[in-house]
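This note accompanies the structure shown below. Please read the numbered points with the sequence and the coordinates to hand.

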Amino acid sequence: MRRAYFSCLLAFIFVIVAIPDSAIAEVKFKWGPYLRLRYEYWKNYKDMDNNQLDNRSFFRIKTSLWGQLDFDKNTNLFAKLTNEFKPYTYYAPSSSKSSGKTDKYFHFDIQEVVFDNLYLEINNFLGVPLDLRLGRQDFFGYGENFLLYEGTPGDGSRTFYFNALKATWHLNGHNDIDFIYTSNPRDDLFLPVINEDKAPQSLNTTHEEAFILYWKNKAIKDLAFEGYYIYKREDEDGGTGYQAQKGKINTFGSFAKYDFSPWALRGQFAYQFGDYGNNERRGLGGYMYLDRSFKEKLWSPQLSAGFIYLSGDDRDTAKNGSWDPLFSRSAWISEVYSLSMISETGISSYWTNLAAWRAQLTLNPTKKTKLSFWYNFLRANEQVAASAVFSGAGKGRGHLAVARADYAFNKNVTVYLLGEYLFPGNFYKDRDGAVFLRTELTFKF
């Protein structure tokens, strides 16, 4: 039924494009390429143990081509094709191979070309303050990406899309409400994949479906407020780790930011309830930050300090108390720690069971240069069972240091360097440092 629904939607989109119209001469077309070149190095990201040889060194080369048809000021059709391939310079050896450089991971393969976006957008639908966006689309700008951001975590940062129907009702100049339905399968069922691998690229752990009601309010000067309700279903088919069983989860939450320049206070809080398999589920999550800018000082420093809380599962109770990150399985706090979560949850970037004190300093030495530094003190709210990775006796995840340097050559070409180092705590059995390094050059037109 879901496949038939989206097939009808896409047929509708293409019919609109194909219909001759006296105003066809007024249709405007624009397009552009995108190229992202990355090099990454991972060390001890799973187990904090130098002896396990789980290091990786590779390039990620992402290319996109996008195009947009503007039928008039209120109606447009947007499409984007994307490909990303990963030539490895080193891949950790398996139990059957003594060398990490294998043919499978060392050659250049074009990999898949996928529809990253394909949607029809109609603003002021039927002359009323209602905007529609129908099809494959990205969701950016919702509550600092805390719960609604990444629709396809299985392919890393290749794509972020949601297969969705979204309606935005503009109540007045200060209030907007989004009504969203989204359906994201484990691998692509709705659109063709060019040069698909024999084993389809996993986009999710299992099939996910959601209904979302999202309210944005700016009625009070200098105060931005957002409130939301998200109902999400996670299937058990093919699921693993913290998504091994069928889940139904309700999330109520709100985000607020008050700007009293040069200070700003921002935070978010959400409550979850539902079912995980046959067990009842409850979860709490949120954060609070205080920001301070010094625009008049040398290099315009900006400081930020805050606290993050994501509930964990108490193994002594039948109730599941772990926080479900919903659609934010990305490098929300850290690249290396988003990878490290896989050892605990069975799924990468599954943020849960975390208490973190976090501080940030940002400097702008020039108009084109930005330097950012983070310090994170990380703890677990609940202990996990002892294993080859975890001590089973402590809650100290460790200290995480992050540094990043950004430089913009112009509006189309940017580069950055990122380094992260985790000093593991007593949460882990072994305490060798985990490392993540990345350099990225982006061309965007």
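The points that follow go from the whole chain to individual residues.

1. Basis of the note. This is a predicted model, in which local features need pLDDT of at least 70 and side-chain atom pairs count only at pLDDT 80 or more, while totals for chains, interfaces and linings use all residues. Residues are numbered from 1 along each chain as its sequence is written, and side-chain values use heavy atoms, with hydrogens and water left out.

2. The chain as a whole. The chain has three helices and 19 strands; helices (H or I, at least four residues) and strands (E, at least two) are DSSP runs, numbered from the N terminus. Of the 445 residues, 48% are buried, where buried means under 20% relative accessible area, exposed over 50%, and partly exposed in between (1.4 Å probe, protein chains only). The chain exposes about 21600 Å², and carbon and sulfur atoms supply 59% of it; these areas come from the Shrake-Rupley method with a 1.4 Å probe, and for residues only the protein chains shown count as cover. Among contacts (heavy atoms within 4.5 Å) with a separation of 6 or more, 61% are between residues 24 or more positions apart.

3. Aromatic pairs. The chain holds 33 aromatic pairs. Rings of Phe, Tyr and Trp (its six-membered ring) pair if their centres lie within 6.5 Å; planes under 30 degrees apart count as stacked, over 60 as edge-to-face and the rest as tilted. Phe139 and Phe162 are stacked, because their ring centres are 4.5 Å apart and their planes stand at 25°. Phe139 lies in the loop between β6 (130-137) and β7 (162-170) and Phe162 in strand β7, so this pair ties together parts that are 23 residues apart in sequence. Both Phe139 and Phe162 are buried.

4. A pair across the chain. Tyr242 and Tyr350 are edge-to-face, because their ring centres are 5.5 Å apart and their planes stand at 70°. Tyr242 is in the loop between β10 (223-234) and β11 (247-260), and Tyr350 is in the loop between α3 (335-345) and β15 (354-366), 108 residues apart. Tyr242 is partly exposed at 23% relative accessibility, whereas Tyr350 is buried at 0%.

5. Cluster and charges over rings. One aromatic cluster is formed by Phe146, Tyr287, Tyr289, Trp323, Trp332, Tyr337 and Trp351. A charge sits over a ring if NZ of Lys or CZ of Arg is within 6 Å of the ring centre and within 35 degrees of the ring normal. Arg133 lies over the face of Tyr119 at 4.3 Å from the ring centre, and the charged end of Arg292 is over the ring of Phe294, 4.2 Å from its centre.

6. Surroundings of Asp291. Asp291 belongs to strand β13 (residues 279-293) and, at 15% relative accessibility, counts as buried. Its side chain makes a polar contact of 2.6 Å with the side chain of Ser304; such a contact is a pair of N or O atoms within 3.5 Å, and within protein one must be able to donate a hydrogen and the other to accept it, with residues adjacent in sequence counting only if both atoms are side-chain atoms. Beyond four places in sequence, the contacts of Asp291 include Pro262 and Trp263.

7. Backbone features to inspect. Most residues other than glycine have a negative phi, and most peptide bonds are trans. The bond from Ser261 to Pro262 is cis, with omega near 10°. Trp299 has a positive phi of about 65° and is partly exposed at 39%. Ser349 has a phi near 60° and is buried at 9%.
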